[in-house]
Amino acid sequence: MKSRGVPSLEPLHRLQTYVRGVDIAKKVFTGNASAVQFLASAPTIDSIPNFGGTPEHVSIILLKSAGRANVGKSSLINYICMRKGLAVTSRTPGRTQALNFFCARRVNGGGLASMLVDAPGYGARGRPEWGELFDHYIRNRRELRRVYILINSEHGVTADDKLMLQFLERESRLRTFTVQPVLTKLDKVPRPMLSKVVQAHQRAISEASSKCLPTIQSAVGRRQMGALELRHSILQACGWTPQLKPI
């Protein structure tokens, strides 16, 4: 029989765990000027570096055909790390032409916490050699824990996005990584339409791949959002989340 008048502490425990996780994730990515650093760039399969088993994450750029704007991937990386110029931004889609590796270190200097990998794009503007490089990385990198596929909320889920989501779902069934969509540039969507646009994109994502983790909503412009959730998600994927101490 349940005792009356004694509220459960479980929701409070979960909230405390989440708050502590968000706080530590912020310190990992923004704690000081060297919290996140560029390590290496790999334009070919043979040049992909080995970092001794550090869990890694891939951020995929979304390339648009017919001159559409890019997804804002580099701006998002700079935003979550609070470092202007860490990832080079450009108004021209397709400027990322290699796997670029960034490391985030543990709060107390205890080695690497995670590896963020900035990947070249796919779709109409993507080059065949970029696809070969990415496919090799996905299929052979044992340290990979999560793939973030970035989708421009202004243009929605394209045919290329659907193909990539389906490809990632097939590959994730055979390997150790999960897939999480990130809607970008939501600050460009008028506020009255925001909820409707997000729901429509989420439906399209679910139709293409039912195995994706919940979508993260992000914006780096006028209405900033998503940094806390993305930082926490990255460290959670690494298995490096704080344990709640007994109260």
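**Close-up views of a predicted model**

**View 1. Helices H2 and H6 cross at roughly 85°.** The axes of helix H2 (residues 73-81) and helix H6 (residues 227-238) come within 9 Å; axes are lines fitted to C-alpha atoms, for helices over the stretch in contact, and angles run from 0 to 180 degrees between N-to-C directions. Helices (H or I, at least four residues) and strands (E, at least two) are DSSP runs, numbered from the N terminus. H2 and H6 are therefore roughly perpendicular to each other (65 to 115 degrees; under 35 counts as roughly parallel, over 145 as roughly antiparallel and the rest as oblique). Leu76, Tyr79 and Ile80 of H2 meet Ala227, Leu230, Arg231 and Ile234 of H6, where contact means heavy atoms within 4.5 Å. Six of these contact residues are nonpolar, none is polar and one is charged (Ala, Val, Leu, Ile, Met, Phe, Trp, Tyr, Cys and Pro count as nonpolar, Asp, Glu, Lys and Arg as charged, and the others, Gly among them, as polar).

The model is predicted: local features need pLDDT of at least 70, side-chain atom pairs count only at pLDDT 80 or more, and totals for chains, interfaces and linings use all residues. Residues are numbered from 1 along each chain as its sequence is written, and side-chain values use heavy atoms, with hydrogens and water left out.

**View 2. Strand E6 (residues 178-184) pairs with E5 and with E7.** Six of the seven residues of E6 are buried (under 20% relative accessible area; exposed is over 50%, partly exposed in between; 1.4 Å probe, protein chains only). Strand E5 (residues 144-152) runs parallel to E6, joined by seven bridges; two strands pair if DSSP finds at least two bridges between them. Ile149 stands opposite Pro181 in E6. From E5 the chain passes through helix H4 (residues 159-174) to E6 in a right-handed β-α-β crossover, that is, with the strands pointing away from the viewer, the path from the first strand over the helix to the second runs clockwise.

**View 3. The chain continues from E6 through helix H5 (residues 191-208) to E7.** This β-α-β crossover is also right-handed. E6 and strand E7 (residues 216-217) are parallel, with two bridges, and Leu183 has Gln217 of E7 as its bridge partner. Lys185 lies in the loop between E6 and H5. The phi of Lys185 is near 60°, a positive value in a residue other than glycine.

**View 4. Ile48 sits in the loop between strands E1 (36-42) and E2 (56-62).** Ile48 is buried, with a relative accessible area of 17%. Beyond its neighbours within four places in sequence, Ile48 is in contact with Ala42, Leu99, Phe101, Leu133, His136, Tyr137 and Arg141. Leu99 is 51 residues away from Ile48 along the chain, and their C-alpha atoms are separated by 7.8 Å.
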